[in-house]
Amino acid sequence: MATVRTILHLDLDAFFCAVEERRDPSLSGRPFAVGGRPDGRGVVASCSYAARRLGVHSAMPMAAAVRLCPTLLIVRTDFAAYRAAAADVMARAQRITPVIERLSIDEAFLDTTAVPGDGEELAARLQATIRDELALPCSIGVAANRLVAKIATEVAKTRTKTDGYPNAVLAVPPGTEAHFLAPLPVSTLWGVGPKTADRLAALGIRTVGVLARWPEEDLGRRFGRHGATLARHARGIDDREVTAAPRVPRSVSTETTFPRDVADGEALRSTIRAQSSHVARDLRRAGLAASTVRIKLRWSDFTTITRQVTLSSPTDRDAAIRAAAESLLLASWPFGRPVRLIGVGVDGLREPARQLALPEGRPPLDPTREHAAREAVDRLRGRFGEDTIRWGRP
Amino acid sequence: MKVSCLQDGLQRALAQVSRAVATKTALPVLSNVLLSTDEGRLRVAATNLEIGITTWVGASIDEEGKLTVDARLLSEFVNTLPNAPVQLSSESPRTILTVQSGRDKAGINGIDAEDFPVIPSIDAEAEGFSVEVDPQVLREMIGQVEFAAATDESRPVLAGVLARFEGQTLTLAAADGFRLAVRHGELTQPVPERLDTIVPARAMRELARIIGDQTDPIRIAITPNRSQLLARVGETEFLSRLIDGTFPDFRQIIPREFATRLELGREAFQNAVRRASYFARDNNDVVRLTVHPGEEEFMPGTVEVSATAAERGNSQSFVDASITGPETQIAFNARYLADVLGVLKQGQVVVGVNGANQAGVVKASTAEDYTHVIMPMVIGAQ
């Protein structure tokens, strides 16, 4: 018999808001949102539980949020601070197990099968550590697989009746997965979007329990391969492993929608330079190099173009990405044309590798030094913000 | 001019010189081959100004003369003729070459021989610098070195092969900035003083091709102004321009001592590198060597040859090796490793490394005449 696994799903509660609140305790209990400005085209990146009760939710245009909640406080997004806080959290998780798979900035799976102790106790201990050492709230689901652990977190958050952060822990004991899932709506399951939910509802299937009892062959006929997955998930079965190795992203990109269209070449260039540095830093964080650099431009009429160039050798260096992005801009921006959105992205990601050159009489170059310099810049920005240190222009 | 020769001899001569015919040129005469009568033989010559090839065909000369005609057209026509006598004739000052064999006849429009560049002959240079070398040794030397030369012209000296004549030794060296190949060979006679010349790598390859199976010693001469190299290979003379400049001092690039030294079977190593290279293709051709010494002293160790491509997969091969020094890891471009392992003749090779950021050396374990230096690749957060 296979070992019963213990999987923890860690989810930071209203993460961006929690970080802002930690920095400015006066925000506590008040409706506020992290995101762009309402007079521009900003959207809500995250909002406090007080704001949520008034109907504000993430991804909502900030202007709409303000209409719903005129007293809404708006805090400017500070990704550098969130990334740093998330890294602190993951470091605490690392103390429990090295088998961690990050799903996003504020969410991760931990496989604690090999760790002695009860899963629920481990979860409570991790939650306490993150709260005591980092003053950040989180919720944790515990189960024998990823699917059920993640759903446990969601359920735990909704079940907790509080005005503030849920700070919930919920464990689903092995063997009770199907029972736990049975009363939940089918849309709780991965892979059940509005379309699938509608088709299931047409069959009278609204809860996971009904889905679990439905003949698997029939689901297979109606939904193809997806049907078999649905049937397994409905019974709380999910064999996928928690893989500690970071998933290799296929591309890294960043883009900016200007509050007002920009027709000034210097402003566009300076945006693209900052974006290039940003992308380069994300690459270095992921330990990757890119072989293609692309830029994206959206004109005021919403038509969008992308232009790309393949580099002679893959890079994770600001200067190389910046030079490529700038020359793409130069080649594709008709002088004076207003730009609504501009972005820089890289593809063809691979392990960075650089062919060293023969020393030719000079003392051999130390390739670690350049890297150390970039690391230092990345750390400064991570700690004090994006604008702490900038590239000079020759 | 009125000459008669055998079809197969003429065909062979035209093929031999064809490699020196310019393909894209602003100077039409360079796409031509020069035909001239020369002391009872027919001289056939071509040049693209970088190299020149001259060869001679036995012929009966009825009337002296010379003319140039389109090399490709003449070759194509002659190649289809039967192996029988061919008559070549022209009537000065007209520049039409008549080629006749039995009932087949062609008139090829040519260009006056006076417009053809002068190709120096080795006899005329007898006064200058001249050496003799075994043809098969020279061919092997060129093969072991020329591929390491740079293929782009951004640094002209690196697009060439250094030929250093010193004492009784000829040294060939080539480097493209990332790797260096050095081979020593013996001259039949010592030279009075050291002479360095840089021959374009392409020309070296041509010379090796012309040498072919030739066994008679080759005479090499350098023009007194040091601008051209001449080589006499049997009935053929080869000429190359020389690259102006100073070749980097390669001797101080070659590491003499190694932190970790491995000795392993060339073929097994070569196969392991080839297997890894298929995976390395999608990852900058990076092949990793992980050296695991034996558990105890004098116990054989293993070299792990591995490659990973994020989207395709990975491979590991293990090759037995005798290892001195500590465990280490280094990454090389698969192509560079494959190139050097392909030109080593001996069964056992030695690889010497001094850490992941320092030059590695590959050479034969039993011969000291060839050294190949490869700079490693650095991976990830180094």
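This is a predicted model: local features need pLDDT of at least 70, side-chain atom pairs count only at pLDDT 80 or more; totals for chains, interfaces and linings use all residues.
Local features need pLDDT of at least 70, side-chain atom pairs count only at pLDDT 80 or more, and totals for chains, interfaces and linings use all residues. Residues are numbered from 1 along each chain as its sequence is written, and side-chain values use heavy atoms, with hydrogens and water left out.

In chain A, four strands form an open antiparallel sheet in the order β9-β12-β10-β11. Strands here are DSSP runs (E, at least two residues), as are helices (H or I, at least four); pairing requires at least two DSSP bridges. β9 (252-262) and β11 (304-315) stand at the edges, each with a single partner strand, so one side of each lacks a neighbour in the sheet. The strand-to-strand twist averages 15°. β10 (residues 289-299) and β12 (residues 339-350) of chain A are joined by 10 bridges. A:A289 stands opposite A:R350.

UniProt, in an unreviewed entry, places an "active site" at A:E107; such annotations may be inferred rather than shown by experiment. A:E107 lies in strand β6 (residues 107-111) of chain A. At 13% relative accessibility, A:E107 is buried (under 20% relative accessible area, 1.4 Å probe, protein chains only). Its side chain makes a polar contact (N or O atoms within 3.5 Å, one able to donate a hydrogen and the other to accept it) with that of A:H9, at 2.8 Å.

Notes. Chains are lettered from A and ligands numbered from 1 in the order in which they are written. Buried means under 20% relative accessible area, exposed over 50%, partly exposed in between (1.4 Å probe, protein chains only). Axes are lines fitted to C-alpha atoms, for helices over the stretch in contact, and angles run from 0 to 180 degrees between N-to-C directions.
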